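This briefing sets out selected features of the structure shown below, arranged by topic for computational work.

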Amino acid sequence: MFEKLCINNSSYRRLRDYEQNVGSQIVDQLSNHYRFVVPTNDWIDELEIFTNRVYNKYKGTIYMKKTKNLIYLFKRSWKISKGLIFIAALKSIFFGLQPLINIVGLGIVIDSLITKLPLSDVINYILIFVGVNLAFSIIGDILDLIDVILQRKTSDVMQMEYMEDCVNINYHYVQDKSILDLKKKSMSAHPAFFLRDISKFSSYIIQFAGIVFIFSLLSVYFLIAIFITSFFNVVLVFAKRKKEFNFKNECVEDEQRIEYIFNVMTGYRFAKEIRINNAGALLKGKYHNVMKNILSKFKRFCNKLTLINTTNTIITVIQTFIMYAYFSYLVFDNKITIAEYTVLLGATALLTNILISFFDNIASINQTIKYTDLYREYKNDIKMRSGISLSNQNKKIDIDMDNYIVVFENVSFVYPNTKKIVLDNLNLEIRKGDRIGLVGLNGSGKTTLIKLLTRLYNPTKGKITLNGIDIKDIPLKQYSDYIGIVLQDFYLFAYTIKENIVFNKPFNQEKFEFSIEKSGLLNFIDSLENKEETYLYKEISKDGLELSGGNGQKLAIARVMYKDSDFLVFDEPTSSLDPIAEYDMFWQLYNIAKDKTSLFISHRLSSTKFCDKIIVLDNGKMIEYGTHEELMERKGLYHELFSIQANQYLKEGS
Amino acid sequence: MRNQRTTLEMIKIIIKYEPIYLILMIPQIIINSILPIFIIYFPKLIIDRLIADEVNYKEIFNIVIIYGLILLVIRVIQVYLQSRVSLIGERFTLKLKKEIGIISSEVDLEDVEKTSFKDIVIMGSKASTITQTLDLIQIIITNILTLLSLVYIIAQLDLLFFITISITFIVKSLFVYYVYRKNKKIRTSVSSNTRVLNYLNNTAYNHGSAKELRTNNLQEWFLKKLSDCRDEMVKIQYKDFTRYALNNIIMKIIMAVQTIIVLWLLAIRYIDGVITIADFTLYFSSVATLTLTLNNISDKIGAYKQQMLNLLDYNKLNGFVNKPIKTRDLSKDIDLDNFSNISIKFKDVSFKYPSTDKYVLKNINLTIDDHEKLVIVGLNGAGKSTLIKLLCKFYKPVEGEIYVNDINIWDIPNEKYNKIIGAVFQDYANLSFMLKENVSFNEDSNMALVENVITNVGLYKFIESLENKYDTYLYKNYNSSGIELSGGQSQKLAITRAMYKEPSLLILDEPTASLDPRAENEIYTNFYNISKEKTTIFISHRLTASTIADKILVLNEGEILEYGSHNELMIKEGFYATMYKKQRDAYKY
């Protein structure tokens, strides 16, 4: 299979190494993933990601990996907030010592009573005991406050990080399930949680040390008994956590499905469709099935958990029994005083509490370490899949925009993980000032061509150049400024009309008014009470407005006009407009684009008729290219499509 | 007060869907509150016997065994209860979400746009908030019961002791109350911030906005919006955190004073020989546990209030799930067989959208005969889509009535009415389920019919080329192997949905906007065949649809401007004629 794929790179060689260990499983997985016969640009990236994943899974022992992850977590915590680490350390000391002070302090007070010290001495001991306890407590609260504030901050930092990932990732992966999955799971490897766990861990160690010291005066057999029962506790808690981890993984997909169905039931977007088509039953059925799945998995999980917890309880009770029986015997045998007995009991109670929490704590840390793997996998995936936004970010390339040419050189394109060739060896040139129409049947590749031009995707083969420079090498920010596009499915944000046009660009009153007027939006805006400060939709402002299809389209056009790019692209810019508006708009666009380069996609061939050149795509190939007159004479596809439309008007004879 | 009301509303909801959850809270409370008492009382029994003049170790040993067994039983019951409650909680969360979803899919369309509805949807998607809140309350009640038991123990000593403890208790409660009153109500701003945050989060993962963000360099702008929103929320929350910490500290000081007083009093009583050292430990650990319990209570109440700050109006949720749907309780039943032929009449229909002033439709009087094909044209905003929405029963006319076969459409149950209408909207939406399900919108699909309508729109070859054919999933929300469709294919799929129902009335709102000339032509040719037996209403900007139509309705600013056949209107040389000529002439060459 590898031979067929004709790979010859280090990923392949590394993979061969592991094939022995991993077996034909990998080969099968690969062959399912990549069915191309000829390697393409993105495909090699995919292989890289995949082999990295496999490599990381099997490289090194488990403990090496855990240590590596632990170090990574600390590094990450340090990076995100040094303060959190510092606070965690302080907290561990204060919370660690406080219970010990309690136990010993009380013992001292009781001892002072039993040894019949005068009341004033007893009172002194009481005051010291309570005072120190209070001091520790208050310091603990203050540390907690700082911790919570810092944690909130870091949580924000992390959420913003996730958001940045989301807006920078290559367009194709915006809704990619495997990445969304990874992201959700990786959120559990949050440094703040981790540090809290570490802090607790340290305080437990301190308490444990104190207890061991107190117990050190006791029999070795007793200590052994305690440690053996504790060992069983550990094993059980680890088993519990593992089950929890697996369970959560199992349910992720189902939970996403429930979310989707719920969205469909409640979202405005689907509202009309599901009502007119009585979709209630279908949705209810789907939801019910997924719900049944989740609940049966949950039930199984709960049963397993109950078993583990019950066993744990039995062990803990045995422990308690041993302690009480032994201590009472020591008092009976006059080996210890009542005061010491109280201290031992206190230490026992503390030990029981610690044990329950301590191993839970370790299991939690262990889980965070495990999820760190997922976090790293997630970060790796993001890095590899955000090439378009993030590469060459800080470069600035000089491009002469007074005189430019865009060239598609042997461009082919296949959507990731699919087989169909959507663009097939396209060669075309667009010079500054050209007015180009792009026509073709649905699925011929028109929108895909635009997606490549605007760099939502990289070509699978071949390249697109601007003045000879591969556009992949131009920083996306710089390149996006050159092209102004009105998308077929343009998106309006729930902010003001003005903001939907200007966004965060410097505001220029003249340019703004020009954009509104030329796009035909002026009258509409004037008719509104808040004019251009009117909000759209209702998410941000309760008084937000829904725009009709036509006004929305005009707004999208105003947006592009304000951007003032030199290369304009219009993807079906007038499909929602009525005939008169369409006619007017088209001539507006035609005029706006007069000194610029423009590319129009439209099904209404009456619009593209006036372009300087028309490109006709069919099944991803450019089959015709020329002026309207030239193409009509050819009597090819263009002639056929134009005639179908024209004849519909001329049928009735007017 | 508001918190209690909200909690009451939550309880009502859980009683409605999963009352066992509440019922199980009772044994939980009992067991959990008994346990601490049990644990502090037990040492007293041992110590009493240890300081006796004659110590009987065997007796002590027996007591320890009994203690162990009782402890075991209690804890095992705890474990079992916890597990049951988790399961029921999960079941409840899913159930509630389902109910909200189902009702949402049936409420009037105008309600779906309201903010209050969106709030309900948020409540539905965060349904676990209810179980979390109830758990908090259960813990609070448990601790209160433990508290009362401890007070009872403490009261056994003497009056002074009891009064002292009570005073410190009261002081603390007063302080808690004072703090509670002082808390400002910042719920609204937090919940509106939450709404904005949800919106931004959803937008980031949306394909449509994703394109805009990238092609227009909006990433920075978008991220700033997000960080501004979070900064707002954080400011409010920091104040909360600080207040909370301060309150905790003051409470701890109060408790420390109490501890000193307690130990003092107990010491005096021991020295005076009123109590033994065993009693001393008992009373002291009671007070210590009491402090712990009170801390627990204040912690959980704090968490409860924190929870409540972010909560929306659960009263509305109750109203929502208990509200009868208007269109459900119609007593009349209509025989569908009468509807294979449909004629429509609009009588003096006027309409304006709720909470607006402007009339979108004014005095519409229109008759559409059986099997007639009507095209509605007009400028954007003229009211075309609105007229369709009224006919689909998404909104009710403010004035006038709409009749189908002389029956007021609002007298026909929605479920039946939807069977005789097939509609394709301008903003159609396909679902992320299987292709065949997208056609039939049903769990069971009549495959012969599905294939038939698929062929009629020209999707047959495409679907046959797919590996899973009609079982192929759409998009990736539901199944990772889902495919993407092009704009035209999507539209064709939406059209099959309308056709599958074999409706008597067909409504098409811009059905070919995304289609290329060949596909558009295909649709219109096939439509002619399919719509032959149906009353059909088109909205189209492409006036070529007029060639298929019997009559044309021209709307302008909500009123009927012109009405007639294509030829009649061309002769009139009015609005329609102007529009038509403009489009047609563009094709002349």
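**Surface patches, salt bridges and backbone**

V220(A) is located in helix α10 of chain A. The model is a predicted one.

- V220(A) counts as exposed, at 55% relative accessibility.

**Positive patch**
- A surface patch of positive charge brings together K242(A), K243(A), R300(A), K304(A) and K370(A).
- Helices α10 (220-266) and α12 (280-332) of chain A each contribute at least two residues to the positive patch.
- K243(A) is placed in helix α10 of chain A, and its relative accessible area of 31% makes K243(A) partly exposed.

**Salt bridges**
- Over all chains, the whole structure holds 38 salt bridges.
- One of them joins K379(A) to E161(A), with the closest N and O atoms 3.4 Å apart. Because K379(A) lies in helix α13 (residues 338-385) and E161(A) in helix α7 (residues 119-168) of chain A, this pair ties together parts that are 218 residues apart in sequence.
- K379(A) is partly exposed, with a relative accessible area of 23%; E161(A) is also partly exposed, with a relative accessible area of 23%.
- K596(A) pairs with D564(A) in a salt bridge whose closest N and O atoms are 2.9 Å apart. K596(A) belongs to the loop between α21 (579-592) and β8 (597-601) of chain A, and D564(A) to the loop between α20 (549-563) and β7 (567-571), so the pair links parts 32 residues apart in sequence.
- K596(A) is buried at 15% relative accessibility, whereas D564(A) is partly exposed at 44%.
- In chain B, D240(B) forms a salt bridge with R243(B), the closest N and O atoms being 3.1 Å apart. These residues are separated by about one helical turn, because they are 3 residues apart in helix α10 (residues 219-271) of chain B.

**Domains of chain B**
- Chain B is divided into domain 1 (1-322), domain 2 (344-427 + 504-587) and domain 3 (431-484).
- Between the C-alpha centres of domain 1 and domain 2 of chain B, the distance is 58 Å.

**Positive phi angles**
- F441(B), although not a glycine, has a positive phi of about 50 degrees. F441(B) sits in the loop between α15 (435-440) and α16 (447-457) of chain B, and is buried at 3% relative accessibility.
- K469(B), likewise not a glycine, has a positive phi of about 45 degrees. K469(B) is partly exposed, with a relative accessible area of 32%.

Key:
Residues are numbered from 1 along each chain as its sequence is written. Chains are lettered from A and ligands numbered from 1 in the order in which they are written. This is a predicted model: local features need pLDDT of at least 70, side-chain atom pairs count only at pLDDT 80 or more; totals for chains, interfaces and linings use all residues. Side-chain values use heavy atoms; hydrogens and water are left out. Patches are made of residues with over 30% relative accessible area and no salt bridge: like charges are joined within 9 Å, nonpolar side chains (Val, Leu, Ile, Met, Phe, Trp, Tyr) within 5 Å. Accessible areas come from the Shrake-Rupley method with a 1.4 Å probe; for residues, only the protein chains shown count as cover. A salt bridge is a side-chain nitrogen of Lys or Arg within 4 Å of a carboxyl oxygen of Asp or Glu. Lys and Arg count as positive and Asp and Glu as negative; His and the chain ends are not counted. The place of a charge is taken as NZ of Lys, CZ of Arg, CG of Asp or CD of Glu. Helices (H or I, at least four residues) and strands (E, at least two) are DSSP runs, numbered from the N terminus. Buried means under 20% relative accessible area, exposed over 50%, partly exposed in between (1.4 Å probe, protein chains only). Domain bounds come from an automatic or database domain assignment.
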